Amino acid sequence: MSPRTTTSALAVTLLSRLAFADEPPPPEGAPETEGEGEEIEIVDRAPPGARAEIGKEELEKDEHDDLHKVLGRTAGVYVRDEDGFGLRPNIGMRGAAADRSAKITIMEDGVLSGPAPYTAPAAYYVPLVTRMSRIEVTKGPSAIRFGPATVGGAIDMRSEPMPGERSAYVDVAGGTYRYGKLHARAAERGERWGLMAEYVRLQTTGFKQLDNNGDTGFDKNDISLTGRVTSPITDEVFHRLDLRVGYGDETSNETYTGLTDLDFAANPQRRYLGSQLDQMTWDRLELRASHRVELDTRTRIDTVGYRHRFQRAWGKVDGFVGQRDLYGLIANPERGANSIYYQVLTGMADTSAPEEELIRGTNDRAFTSQGVQSQLQLERDTGPVAHHVDAGVRIHFDRADRARYEDAYAMIGGQLVRSERPRATVLDSRAETLALAVHAQDKLVWKRLELTAGLRYELLDFRFFDRLTENYVEGTYGVLIPGGGLAVRLTDELSLLAGVHRGFTPAAPSAVADTRPESSVNYEAGARFRNERLTLDAIGFVSNYSNLKGSCTLASGCTEAMEGEQYDGGRVHVFGGELQGASEIPLAKRLVLPLQLAYTFTRTEFQSAFASDFAGWGDVAVGDELPYLPRHQLSATAGVKHPRGQLDVTAQYRSGALDIAGRLDDPEDPRVGSLLTFALTAHANIREWAELYATCSNLLDEQVVISRRPYGARPNPPRMVTVGYKARF
Amino acid sequence: MRFVAPLLALTAACDSPAPITGKDAPSDDVFDRPAMLGHLATNLLVPMQHDVAVKTAALATALGAHCDALDLDVTASPVAARAAFADAIDAWQSADALVFGPAAMDGNVLRDRIYSWPLLAPCNVDKDTAASSFAIADKPINQRSLTAIEYLLYPPSTASLCPIEPANWPQLDKPRARCRHALAIAQDVAQNAAALETAWQAYATELPAMGHAGVNLVSDAMFYSDTMVKDMKLGEAAGIVVNACGTAGEICEREVELRFSDRGTFALRRNLATLRAAFTGTTTSADGPSFDDFLRAVDQGAMADRMVAHIDATIAKLAALPDSYLGALTTKYAEVAATHAALREFTTELKSQFSAVLVLEIPDDVATDND
């Protein structure tokens, strides 16, 4: 944002207060204009470095409930499908592993949303994307404003802002596999107060086919209530206080068990009878108090106190009493005694020996995440140089209570029957982290030059106690995370940019004693083009890891006893390029052709040879590539837009990737397939306040093996069709 | 809260790189690993495979004779056939305690074809018997091997163990049918035992050249004493650890090895004898280098003595147990528990200091044991 634009923007801040709303700002680079329900934010929306924003219009157009699908159109972001609905997303950025999104920072409204982002970074919870108004993806040096993970970047999911007047919204949809969605929102506004309630329910019977026709779907609910009070608009110093309480729950009949290659070829959607009891349940309570004070039109402080409580229990078949390696069993079902266990797993044979009893392990977890954070944003001029300062401090505490118990079941006539083997508690631990994070960043703008320098400091105090072994570990460490960037506006339309920052991911308290935090130096350089018709970013990136870290989850293929542990992977080089563009071409009167393109090229190389117990790495040779990182990823969208409606088609391609570290050019190394899918979305504005929509994902019903973790081949979702109706009042 | 630590010092500390440690790090000791492997192959492993081949062939012969006798007289005594089974299973129990190499390849396929315990599907065996379905090579491993032969030679009764009796079970001439079934399996076992012996003769020449990796194969195989002997044969059967019956401190018959023939004690004695031979290098034919000498070569003589003492203590307790393991589990529970405890002393050291000192990987399935 240029100084002149900033000034003009700030001039309307007071007007925005009159509207008492915080509608999202206009797209980056576009002139900010006043309007009903709009507030001008002084947050720097154009930091140097790669950044992407998925706005409300795009989110509503795609009608996705799955964060994977939303982010699949963003260059530099990798997603690894698992359940087909994005219930537990696997998102990585710029080479950072996607497993449970543990290497990136995910927030809702600037607040860490994960169950325990420091102690247990695996994101078994992410906010419902369907209730978001925009999603901000920050990569490059600007990522140091967010933490704890700064290697890949940060994703901030911005929920629906408080509207400026009484309003209501309803979205009802249904589709294949008995998909159903109800999304309702209502808000009431007074002169100095506001109240908004929101409810979302999603449900489906699932696309997987259990051999006994059991339900493989899920249902989830999300309800929130937000209240707001403000100071009088005439006050010189303006205050705003938001109080929010939210509750969510989910019951999903999800499994970690996939298929053998032979069974996958016959029916990719099949699910073995051994997984018939698999189910995840969770509930989450969220309390948040947000205060904003605007000291003047160029100085703002946002302070948020938050507390999240998340409890989940996921019971799923993990193996047999006599064969705990379910991954190996499904990978080689004919090998040795595996054929016996395979017959039982599929229900083709009954359990006939104690060793053939199935183990259903339940990972029972309780997480607490709470803290207070305050962020200062101000703009000042020192002579010809304009400053945009962003500084913040956060004191955060999170805790993970992990328990795991195992029950044994006999397969008898296709039914799982609880055996006499008593329940075994195999894990009972508590881990917690108290973290202080401070950051400061200044963007200096002088003529056509923008220079950004920032520093983040994280100080972590952690402890871990294993109640079974009575092992106790504690420690404290800190890390400085510098970052800086430079942008030169060659013309009003074309800029060159470059940046460097340190990447960091904390070591989990449960990690073995000599595991080091993940550390890297990340570089980027590229060009940015903006005019009325075209936006285009072409950016290259390099990440030099001094120590790549592998985090053990069952999802990543680790055993239950290894879960929570972390492994050192040593030096790794990641490099690649991103191309992100969008354009709208007028076709005829009131008819527009919108185009979008996102392409990511990624290469990775281990720089040392070692043998790892981390399932995703195994025996690593110098030059081996990281698993589950496609070299090529492309998303292209074209459509026709008219005031009465819009039709879009999106093609997405992802090249094949390795299942464990190895060489893509070595056909012997196990891998997952490349995938090309097409999606259609159509919207018809039947009234000014109502619209009908229809979506079809995976139009050609193409299914490939997209993951072999944790246990066997798993497909991407098949063709799914949804129709819905939306109304705004 | 310990936020008082100097910030810069903490930052510097977290930045300091540390080397990656690997279990295959080269060792600078002078212990002669090829000599150890050569000695064990020549004087322990190959002779054990030969014994199995001889005894399983004899079992097939004895079963053939028994089946012929049954054809003449349905009351013919199975004593000779059972004695041949005892010889064969004892021979295998010696070998089973140190399975690696050819027997362990391709998911233990040869091992399981000879002896598949703990996998046995008695009902399916009954169905095969009833249907005279004796194409053994096509059968799953829990319907073949010495495990199934034991069931056929020592049937608990004339009844089938199927929830629903096989169609022609009442009319079946069970002694003759079971014998013919056992004979077919025994012939398959003998073929596989012969194949294993042949494979071992070749493998024995390659083993010494494997060096440290070969030593690790032997140490991996010794973990049989932990997972199979301590945990399963002793712990689960006696209710010392969680078992399929949900019992604590009392017998769980379903978990008892060789429960039909009640030769569990003999099996345990054979297992421990092999463990001792492998650990000390003292076999019936020669004394040579092995793990105790390796430990002494790295100045861990005390550990070697301690571990041998633990093995000897276990062997002594097994010798004092009744020959009937079912009887021991019922009337001598304390002695069985003491045997378990004695062996645990050895296995605890095996999976901790022993592996660390000799820079040996431990198998994945025991690496996370909470013992």
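A: Cys123(B) and Cys162(B) are joined by a disulfide, with an S to S distance of 2.1 Å in this predicted model. The torsion about their S-S bond is about 105 degrees, so this disulfide is right-handed. Cys123(B) belongs to helix α5 (residues 122–131) of chain B, while Cys162(B) is in the loop between α6 (145–153) and α7 of chain B, so the bond ties together parts that are 39 residues apart in sequence. Cys123(B) has a relative accessibility of 17% and therefore counts as buried, the cut-off being under 20%. Cys162(B) is also buried, with a relative accessible area of 8%.

A disulfide is also formed by Cys67(B) and Cys179(B), whose sulfur atoms are 2.1 Å apart. This pair links distant parts of the chain, 112 residues apart: Cys67(B) is in helix α2 (residues 33–72) of chain B and Cys179(B) in helix α7 (residues 174–206) of chain B. Here the S-S torsion is about -105 degrees, so the disulfide of Cys67(B) and Cys179(B) is left-handed. Cys67(B) and Cys179(B) are both buried.

Cys245(B) and Cys252(B) form a disulfide too, with 1.9 Å between their sulfur atoms. The torsion about the S-S bond of Cys245(B) and Cys252(B) is about 70 degrees, so this disulfide is right-handed. Cys252(B) is buried, at a relative accessible area of 0%.

Over all chains the count is three disulfides. With the bonded cysteines of chain B numbered in sequence order, the pairing reads 1-4, 2-3, 5-6.

Terms used: Residues numbered from 1 in each chain as written. Chains lettered and ligands numbered in written order. Predicted model: local features only at pLDDT ≥ 70, side-chain atom pairs only at ≥ 80, totals over all residues. Heavy atoms only, no water. Disulfide = S-S within 2.5 Å. Helix = DSSP H or I, 4+ residues; strand = E, 2+ residues; numbered from the N terminus. Buried < 20%, exposed > 50% of the residue type's maximum accessible area, 1.4 Å probe, protein only.
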